[in-house]
Amino acid sequence: MSDCIFCKIAEKKIPSKIVHEDERAVAFEDVNPQAPVHVLVISKKHVVSMADLHEADASLLGHLMLTGHKVAKQKGIAEGGYRIVVNTGANGGQSVFHLHLHVLGGRAMHWPPG
Ligand code: AMP
């Protein structure tokens with residue numbers, strides 16, 4: 001989508017610190033990290049949010065989750081534990097409307113989240 005910032009990152013039209021890329025996903029450093037490790041995993045295909053996924057997207061969603069784990073391993077936080085967050089919609093705290101997983105780690109996470 002032409003006015004979507006994450007589509008532009010996936011297309012390398014705006015700069016980002018990419019840590020992983022494959023045929024369906026891109027992972028890059030969050031510009032405003034909330035933990036020592038904070039990477040976003042996005043779908044190359046423009047999907048607005050979890051609310052816009054369908055049964056046919058199950059494989060894509062699984063791929064994004066597995067990519068999140070791959071990134072966690074790459075960043076050295078898989079063994080100690082980490083958190084994957086998918087903010088969805090206004091009450092979920094979503095601010096960029098292109099589906100993304102936050103991979104957070106490198107410190108102990110708190111519960112409940114804010
Ligand atoms: P959310 O609030 O769940 O939609 O998360 C959006 C995330 O995108 C936030 O953590 C932002 O810091 C991050 N973000 C926004 N613009 C950029 C960008 N250009 N490069 C990297 N991260 C970004």
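Modeller: Accessible areas here come from the Shrake-Rupley method with a 1.4 Å probe, and for residues only the protein chains shown count as cover. By that method the protein exposes about 6700 Å², of which carbon and sulfur atoms supply 56%. This is a predicted model, in which local features need pLDDT of at least 70 and side-chain atom pairs count only at pLDDT 80 or more, while totals for chains, interfaces and linings use all residues. Residues are numbered from 1 along each chain as its sequence is written, and side-chain values use heavy atoms, with hydrogens and water left out.

Biologist: What are the helices and strands of the protein, and in which order do they run?

Modeller: There are three helices and five strands, in the order α-β-β-β-α-β-α-β from the N terminus. Helices (H or I, at least four residues) and strands (E, at least two) are DSSP runs, numbered from the N terminus.

Biologist: Why is the protein called as compact as a globular protein of that length?

Modeller: The radius of gyration is taken over C-alpha atoms, and the globule rule is 2.2 Å times the number of residues to the power 0.38. For 114 residues the rule gives 13 Å, and the radius of gyration of the protein is 13 Å, close to that value, so the protein is as compact as a globular protein of that length. The C-alpha trace spans about 35 × 30 × 25 Å along its principal axes.

Biologist: Why is Thr-67 called buried?

Modeller: Buried means under 20% relative accessible area, exposed over 50%, and partly exposed in between (1.4 Å probe, protein chains only). Thr-67 has a relative accessible area of 2%, so Thr-67 is buried. Thr-67 lies in helix H2. Of the 114 residues, 38% count as buried.

Biologist: What does Thr-67 touch?

Modeller: Contact means heavy atoms within 4.5 Å. Not counting residues up to four places away in sequence, Thr-67 touches His-20, Asp-22, Ala-25 and Val-41. Leaving aside neighbours within four places, the contacts of Val-41 include Ala-27, Leu-64, Thr-67 and Val-103.

Biologist: What makes a set of residues a nonpolar core?

Modeller: The residues must be buried Ala, Val, Leu, Ile, Met, Phe, Trp, Tyr or Cys, joined through side-chain atoms within 4.5 Å. The largest such core has 16 residues, and those with the most contacts inside it are Ala-27, Val-39, Val-41, Leu-64 and Val-103. Strand S2 (25-29), strand S3 (37-43), helix H2 (58-74) and strand S5 (100-105) each supply at least two of its residues. The largest share, four residues, comes from H2. A second, separate core of nine residues includes Cys-4, Ile-9, Val-26 and Leu-40.
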